[in-house]
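Subject: Handover of a structure and findings

Dear colleague,

Please find below the structure that I am handing over to you. My notes on what was found in it follow directly after.

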Amino acid sequence: MEAVIWLEDYLSKWDKILLLISHSQDFLNNVTTHTIHFTNKRKLEYYDGNFDQFVKTKSELEENQMKQYNWEQEQIKSMKEYVARFGHGTSKNAKQAQSKQKVLDKMIRG
């Protein structure tokens, strides 16, 4: 245990770049100032702060992405319903439905 404490102290004063991998969250919290996350999509994402800050920030980002996704799905559903209801004919609503269909097509394509 003394060796780990000594290593934490030594590395926390290290003024150069050091890439390390550890299973100990406490060790990472005491040593790191930045975290690099290798995602499932094979991308590197950079986070400031120790390991706890990384977990908090990553969780907040995922929550915000889920909220955005749910909002977009509601918008798509609403637009599809509008297009299905007013998409035929020559009324003003039909023109709006065609416009909404174009927006839908762009959203779905991506």
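Helices here are DSSP runs of H or I with at least four residues, numbered from the N terminus. Please note that this is a predicted model.

**Helix 3**

Helix 3 covers residues 51–86.

Six names make up the buried set of helix 3: F51, F54, I76, M79, Y82 and V83. The elements that cover these residues include helix 2 (25–31), strand 1 (34–38), strand 2 (44–48) and helix 4 (92–109).

One of the buried residues, Y82, also takes part in a contact between a charge and a ring. The charged end of K100 sits over the Y82 ring, at 5.1 Å from the ring centre.

**Aromatic pairs**

A pair of aromatic rings is described by the distance of the centres and the angle of the planes. The model contains five aromatic pairs. Among them is the pair of Y10 and W14, which is tilted, with 5.7 Å from centre to centre and 55° between the planes. A second tilted pair is formed by F51 and F54, at 5.6 Å centre to centre and with 50° between the planes. These two residues are three apart in helix 3 and are therefore separated by about one helical turn. With the limit for buried set at under 20% relative accessible area, F51 counts as buried at 17%, and F54 likewise at 8%.

Ring pairs also join W6, Y10 and W14 into a cluster.

**The loop between strand 1 and strand 2**

Which residue in this loop has a positive phi although it is not a glycine? It is R42, with a phi of about 60°, and R42 lies in the loop between strand 1 and strand 2. Most residues other than glycine have a negative phi. R42 counts as exposed, because its relative accessibility is 71% and the limit for exposed is over 50%.

With kind regards

Note on methods. Residues numbered from 1 in each chain as written. Predicted model: local features only at pLDDT ≥ 70, side-chain atom pairs only at ≥ 80, totals over all residues. Heavy atoms only, no water. Expected span 1.5 Å × (residues − 1). Buried < 20%, exposed > 50% of the residue type's maximum accessible area, 1.4 Å probe, protein only. Contact = heavy atoms within 4.5 Å. Phe/Tyr/Trp six-rings, centres within 6.5 Å; stacked < 30°, edge-to-face > 60°. Lys NZ or Arg CZ within 6 Å of the ring centre and 35° of its normal.
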